[in-house]
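Biologist: I'm new to this one. Could you take one part and walk me through it closely?

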Amino acid sequence: MTALLDIKSLTIDIARDNGPARVVDGIDLTVAEGESLGVVGESGCGKSLTMLSLMGLLPNKIKATGGSAHFAGRDLLRLSPKELRKVRGAEIGFIFQDPMTSLNPVMRIGDQIVEALVYQKAMAKPAAMQRAGELLELVGIPSPRDRLMAYPHELSGGMRQRVMIAIGLAGNPRLLIADEPTTALDVTIQAQIVDLVRELKDRLKMSVVWITHDLALIAGLADRIAVLYAGTVVEDAPVDVIFDRPSHPYTRGLLASLPTLAGKAMDRLPSIGGTPPEPGRRPPGCPFAPRCSLAMPACNDALPKLAPVPGSDPRHRVACFVTTEKGAA
Amino acid sequence: MSAVVEDKPNSLWRDAWRRLRRNKLAVAGLIIIAALVFVAAFGPWLTPYDFLSQDLDARNLAPSLAHPFGTDDLGRDVLSRLIYGARTAFLVAVIVTLVALLIGVVLGAIAGFYGGFFDKALMWVTDMTMSVPQLLLVVVINASLKQPITLWMEARYMETMNPIYRNSALIDFVLVFGSMALISWPPYARLVRAQVLSIRNRPYVTAARALGLTNRIILMRYVMPNAMGSLIVAVSAGLGTAMVLESAFSFLGIGVNPPTPSWGNMISDGLRVWTNYPHLLLAPAAVLAVVTVAFNFLGDGLNDALNPKGQK
């Protein structure tokens, strides 16, 4: 499989009064053609910013300062705004977190999809409206032709997220980036959206990057999972390997804090003590060391690099001295 | 799976209209304003007398059946003059508000959306304009520009013999409207800028960017339509303010010149004789008050109707 998206040592800084603070600190990620990658991490670990930087959509004062992000052969970080605009929507589709606020409240659903088609595919309006109806049907909206005329506030959250997906798919993108698209939805609807995206991915042969903090949700969708912590990738492995043999203490902590059917109802779920370091105040060594029960003195001195896990799947890589050295010993 | 969908599609505007209709004060305001528009539009067919025809035998008459609001010191029918005054008031309000709105919306939207130096410069200009006392500014403009323009127009007339240069009402209108628009646009510019600043960071604008839409389309189709609500409220209040402003200037003698009737110069005339003939002050003042209050009621009603979040 060739890599469709290849992010190498990406760094993103926030401009602050007392100098830049690094939020994303050398992230390496690849997404192969037709692959779906789950990007997991807690709030503020830089997962959304990484994806926004690809599209040139970073908020003011936040800038990608280093590294590269090759998409289908071109470095997205070095494209002109105009070239990047042509990539957005047409080659990379984006689904946002909150379907309640991500649709223009004063435009009909149909018009919003048509907009995407007219500007990306240079379609004529009537044909675009026809296609918009097909897209709504594709994402499983009942009586799609009637819904074209509806305003966003007339639809439920799940329906709106389906509309967002339809808009994201309008340009026939090769890569769909979904930024926590189910966070704002009910649990039952979450499952439907996950199923829908998986089905669409297979049908349309797209790659998918799904950003989430919910490991359980992503299990059914992703081929591979990258775990982010404090702006770096700490573990990267195929989904079953992550669940069977989590190697990084942080990944283990995440998995341990998932509720299981076997657990007793009154048991408290285990949690990871402490909070992630603030951007700009990260320790020189492993950012997880202060919270890690297995930390060795060496962990505080140097930043561990992603390295293959000895004796595991060849694609399983982890950034942890404890794991790699213990395995080597 | 069922979506929460009502029987027929409801646009936001239709919802707003429904909420507005439930507000009695706003409806009253709307009716008064509609009546004003009607009177202003059909004035010449509604007036019982010509607004200029003098009847020196019937001066300063108290209200009666023949003259519902009495007559003034030249024996002109006050009701007829009020109706013609409505045309002036409406004309001034609409033109001034439109010009101010056009300047304010364009500048405010560009400043808010693109930011940068233009934004800073615009804020300096608005601060400066708003810090000068408004009446003073208009008085200065009118006092200093009227004579040179009048002289220039006379000279042009002598050269070209084109009758358009002899129409002194034109100078009044251009100067009065122009100077009023000049003091009225900054609040619109600031309002639009503030709206655009807040809207341009909303998720649906980011989503539109992620679709690869151009800045111009995002501004026109995603940002501005969502700023319309508060703009409409401001305009409805602004129309009332513009009418009061015009009256204030006419009252000071720098507005519309006699014999064109304006509520302001009627109040001004009435004020001189109000101890003997109170109806000459009361009639125009009451009409102006009622219309102003009507615009404010409508503005409040629109505010509530277009911002449903403030309600339960």
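Modeller: Let's start with the record: an unreviewed UniProt entry annotates residues 9-255 of chain A as "domain: ABC transporter" (positions follow the numbering used here, feature names are shortened, and annotations may be inferred rather than shown by experiment). This is a predicted model, where local features need pLDDT of at least 70, side-chain atom pairs count only at pLDDT 80 or more, and totals for chains, interfaces and linings use all residues; pLDDT is the predictor's confidence in each residue, from 0 to 100. Residues are numbered from 1 along each chain as its sequence is written, chains are lettered from A and ligands numbered from 1 in the order in which they are written, and side-chain values use heavy atoms, leaving out hydrogens and water.

Over residues 9-255, chain A is 38% helix and 26% strand, with the end C-alpha atoms 26 Å apart (helices are DSSP runs of H or I, at least four residues, strands of E, at least two, numbered from the N terminus).

Now zoom in on helix α6 (residues 157-169) and helix α7 (residues 187-204) of chain A: their axes come within 10 Å and cross at roughly 20° (axes are lines fitted to C-alpha atoms, for helices over the stretch in contact, with angles from 0 to 180 degrees between N-to-C directions). So α6(A) and α7(A) are roughly parallel to each other (under 35 degrees; over 145 is roughly antiparallel, 65 to 115 roughly perpendicular, the rest oblique). Residues making the contact (heavy atoms within 4.5 Å) include A:Ile165 and A:Leu169 of α6(A) and A:Leu196 and A:Leu200 of α7(A).
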